[in-house]
Amino acid sequence: MLRDRTRTALGAAAALALVTSAASAPVPKNLPRGVSEVLYEIVVPPGAEPTPEKVALGNKLFNEKRLSANDQVACATCHDPAKGFVDHKPLAEGIAAPAQRTQRNSPTVLNAMFNAAQFWDGRAPTLEEQAKLPILNPIEMGQKSPDDVVAKLRGISEYRSAFQQVFGHDLTYDDVAAAIAAFERTQYAGDAPFDRFVAGDEKAIDESAKRGWGLFNGKGRCNACHAFSTVSPLFSDQKFHNIGIAAHKTDFIDLARKATAIVRSGDLKQIDELAIQSNLSELGRFLVTKNSNDIGAFKTPGLRNVAVTSPYMHDGSLATLWDVMDHYNKGGVPNPNLDGGMQRLGLTEAEIDDMVSFMASLTSAKLGEFGKQEMARQQARKNVRPERDTAVATGKKGDLGDLAPTPDRAKPAAFGVLVRKGTSYD
């Protein structure tokens, strides 16, 4: 049973890792609602447990600007804990900004520990491998080599002693990544109003959010890629999809031809630089796999705390959740590699409002006030809707499929999760 749930939640690769591992990490006590003990046990490899000492060191490194070549950029520059671990900029900015910006939006660190692969294109298989790449990217943190990073940190007495105490030897680049990853493994996010709702508190979310939850699982088709269950509460299928975000500005066929000629399979540093620094970035997962089915495909992000992690999509091109809904409502932007699940939704304006209300209910309690501020800011932009195409969304032009039904709220089991009616929340 555990293997079956694992395979569904994180995919075959993660399931295999579970089956073949000798032991599992201890699960912290009192995980918040919405954080699965099953998944936590699976995704923390033996030996990578986030001990207090390792987490404290990782936290310091996460905020350490001296990790960059010019002492101006830290991990927290683009992943600000006070802002939901993002920077609220369309494209991340490193040491080369403003002259040169990256080609990708900063994804949140919250719940990154549960990702089957890291980055928008999944090029890093673990948090440790992910932590290494931005430090060495020429326009992000700009260090020339792992040896340069090690030499710089060994020249700082507080780090020399800290790594000795935590790891029992002189610091290495692998240790730097291990400490940062340990800190990131403590940044799990749950305890949202929605979690209290599915636990039985009918008053935890308002009527608009409840209607949005129904639409999310029905007419909105969102659960096709952002499904929720109590075993896998991530709101992500952990897969990669072309939803047409870059199609309006990119000739995928020409880009893929160029990439095929220059991408060295397995060269993670080259792929990282192409993804961050070049127009080949829009090829997404294709840079990693060279599989034509992956052209323009990017990872399905989890939706927890989505209200506080704007702007949206891999290129930060959608400013608000209303823009996101408009994009999906018209079925994305047609292109040869558009995911087959992309179809017009036919949502009315009131239904879009309900969907946004539901997504706002996924904000963790510790970010609740910030979430209200962010939603107020987005609400103020509600009438600026560059992605809206009502004629396509409602089928007055184009041919993008039939509409899906809306589940009956009187039958909550049809929503993919059973609300325990009559159960008080404590």
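1. A salt bridge here is a side-chain nitrogen of Lys or Arg within 4 Å of a carboxyl oxygen of Asp or Glu. By that rule the side chains of R185 and E128 form one, with N and O 2.8 Å apart. R185 sits in the loop between α9 and α10 (193-198), while E128 belongs to helix α6, and the two are 57 residues apart. Helices (H or I, at least four residues) and strands (E, at least two) are DSSP runs, numbered from the N terminus.

2. This is a predicted model, in which local features need pLDDT of at least 70 and side-chain atom pairs count only at pLDDT 80 or more, while totals for chains, interfaces and linings use all residues. Residues are numbered from 1 along each chain as its sequence is written, and side-chain values use heavy atoms, with hydrogens and water left out.

3. Buried means under 20% relative accessible area, exposed over 50%, and partly exposed in between (1.4 Å probe, protein chains only). R185 is buried at 3% relative accessibility, and E128 is buried at 16%.

4. The structure holds 30 salt bridges. Another one pairs R304 with D195 at 2.8 Å, N to O. R304 is in the loop between β2 (298-299) and α15 (321-329) and D195 is in helix α10, so the bridge ties together parts 109 residues apart in sequence. Both R304 and D195 are buried. Salt bridges with shared partners also join K60, E64, R66 and E158 into one network.

5. E93 and R101 form a salt bridge too, their closest N and O atoms being 2.7 Å apart. R101 is partly exposed, with a relative accessible area of 38%.

6. Helix α4 (residues 52-62) packs against helix α9 (residues 173-184) at an angle of about 100°, with the axes 7 Å apart. Axes are lines fitted to C-alpha atoms, for helices over the stretch in contact, and angles run from 0 to 180 degrees between N-to-C directions. The two helices are therefore roughly perpendicular, a label for angles of 65 to 115 degrees. Contact (heavy atoms within 4.5 Å) involves residues including L57 and F62 of α4 and I180 and F183 of α9.

7. Q143 lies in the loop between α6 and α7 (146-154) and is buried, with a relative accessible area of 9%. Its side chain reaches the backbone oxygen of L67 at 3.0 Å. Among the residues that Q143 touches are R66, S68 and D148.

8. In helix α13 (residues 268-277), the buried residues are Q270, I271, D272, L274, A275 and I276. Their cover includes α6 (127-136), α12 (252-262) and α14 (286-289).

Methods: Polar contact = N/O pair within 3.5 Å; in protein donor to acceptor, adjacent residues only side chain to side chain. Parallel < 35°, antiparallel > 145°, perpendicular 65-115°, else oblique. Lists of a residue's contacts leave out its neighbours within four places in sequence.
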